[in-house]
Amino acid sequence: MTTPREPHEDRHGVENKISGGTFHGPVFQTGSFHGEVRSDGASGTVDPEELIFRAEFMKRQRAAWKEQEAARRKKAEEKRAKTEKEQAEVRIGCTCLVFSLVFAAAAFTLIYFSHNWPGLACAALAYVCFKKVMSD
């Protein structure tokens, strides 16, 4: 363990001090480099408990990421299913509206020109289709 170094005055009269913490391994502070810089000091060792902690943390983090991804996919699937259902309801409503208009036109034509029961049947079908549109 290296302790904070005492101020040192170099040959140019510049005072240097490294402070503010505990240092492990080689420590230096510089303003600029000229030429090759090498550090052949021993690398710091990691506590085995730290490695176990990191492995467990990452295991839990990966599980949380998988859960979040599954929840995101489920939400997207539910939204897609809801959208498809709404679109199907709109298609059914439009189809019923078209049928009600066709049956209403046929009913008007048949009742106006022939005064018989097919005109009444078309009117009834137009009413049923229109009622379906209004109930959705």
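Helices (H or I, at least four residues) and strands (E, at least two) are taken here as DSSP runs, numbered from the N terminus. The structure is a predicted model, in which local features require pLDDT of at least 70 and side-chain atom pairs count only at pLDDT 80 or more, while totals for chains, interfaces and linings use all residues. Residues are numbered from 1 along each chain as its sequence is written, and side-chain values use heavy atoms, with hydrogens and water left out.

The protein contains 2 helices and 2 strands, arranged along the sequence in the pattern β-β-α-α. Burial is expressed by relative accessible area (buried under 20%, exposed over 50%, partly exposed in between; 1.4 Å probe, protein chains only). By this criterion, 9% of the 136 residues are buried. The accessible surface, computed by the Shrake-Rupley method with a 1.4 Å probe and, for residues, with only the protein chains shown as cover, amounts to about 12200 Å², of which carbon and sulfur atoms supply 60%. Among contacts (heavy atoms within 4.5 Å) with a separation of 6 or more, 24% join residues 24 or more positions apart.

The whole structure holds 1 aromatic pair. The rings of F53 and F57 have their centres 6.2 Å apart and their planes at 25°, so the pair is classed as stacked. The criterion for pairing is that ring centres of Phe, Tyr or Trp (its six-membered ring) lie within 6.5 Å; planes under 30 degrees apart count as stacked, over 60 as edge-to-face and the rest as tilted. F53 and F57 both belong to helix 1 and, being 4 residues apart, are separated by about one helical turn. F53 is exposed, at 52% relative accessible area, and F57 is partly exposed, at 43%.

A search of the whole structure gives 6 salt bridges, each defined as a side-chain nitrogen of Lys or Arg within 4 Å of a carboxyl oxygen of Asp or Glu. One of them joins the side chains of E50 and R54, with an N to O distance of 3.0 Å. These two residues of helix 1 are 4 positions apart, which means a spacing of about one helical turn. Both ends are partly exposed, E50 at 32% relative accessibility and R54 at 46%.

E56 and R60 form a further salt bridge, their closest N and O atoms lying 3.1 Å apart. Here too the residues are 4 apart in helix 1, or about one helical turn. E56 is partly exposed at 34%, whereas R60 is exposed at 59%.

In the salt bridge between E69 and R72, the closest N and O atoms are 2.5 Å apart. E69 is partly exposed at 28%, as is R72 at 48%. Together with R73, E69 and R72 are linked in a network of salt bridges.

A nonpolar surface patch is formed by L97, L101, F130 and M134, which together have about 410 Å² of accessible area. Helix 1 (48-114) and helix 2 (117-135) are the elements that each give two or more residues to the patch. Patches consist of residues with over 30% relative accessible area and no salt bridge, like charges being joined within 9 Å and nonpolar side chains (Val, Leu, Ile, Met, Phe, Trp, Tyr) within 5 Å. M134 lies in helix 2 and is exposed, with a relative accessible area of 58%.
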